[in-house]
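Open your viewer and get a cartoon view ready. We will go through this model one selection at a time.

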Amino acid sequence: MKEIQPIQIWTNGSLISVNQLSIIGLSDNMLDTAVFNYYLLDNQGSQIISSSLEMTGFDYQSYNTSPDSNNYAYSWIATKLNLTII
């Protein structure tokens, strides 16, 4: 789990502040594709948003050869979601 710069999300008729990003690697074919579930959490750790992203191409190659694939995955997902890890 990584702390992110807080953002406001409109969900279920309310504006909620989220400040944490959590990811789980769902699948990796060890060749050219990985799928990650991501979760945006509020300051109590309650899940507000969840979805998934598929990593392919150059991004997957960089992830697969990274000396710290966990940090690479967090950075990649944060970039895709326009989030800032702090």
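A word on the model: it is predicted, local features need pLDDT of at least 70, side-chain atom pairs count only at pLDDT 80 or more, and totals for chains, interfaces and linings use all residues. Residues are numbered from 1 along each chain as its sequence is written, and side-chain values use heavy atoms, without hydrogens or water.

Stay with Asp42, in the loop between S3 and S4. Show Ser46 too: its backbone nitrogen lies 2.8 Å from a polar atom of the Asp42 side chain. Leaving aside neighbours within four places in sequence, Asp42 is in contact (heavy atoms within 4.5 Å) with Ser17, Val18, Asn19, Gln20 and Ile48.

Next, select helix H2, residues 69–80. Helices (H or I, at least four residues) and strands (E, at least two) are DSSP runs, numbered from the N terminus. Colour Ala73, Tyr74, Trp76, Ile77 and Ala78, the buried residues of H2; they pack against strands S1, S2, S3 and S4 and helix H1. Just after H2, Asn82 takes a positive phi of about 60°.

Finally, zoom out: the pattern along the sequence is β-β-β-β-α-α.

Notes. Expected span 1.5 Å × (residues − 1). Buried < 20%, exposed > 50% of the residue type's maximum accessible area, 1.4 Å probe, protein only. Polar contact = N/O pair within 3.5 Å; in protein donor to acceptor, adjacent residues only side chain to side chain.
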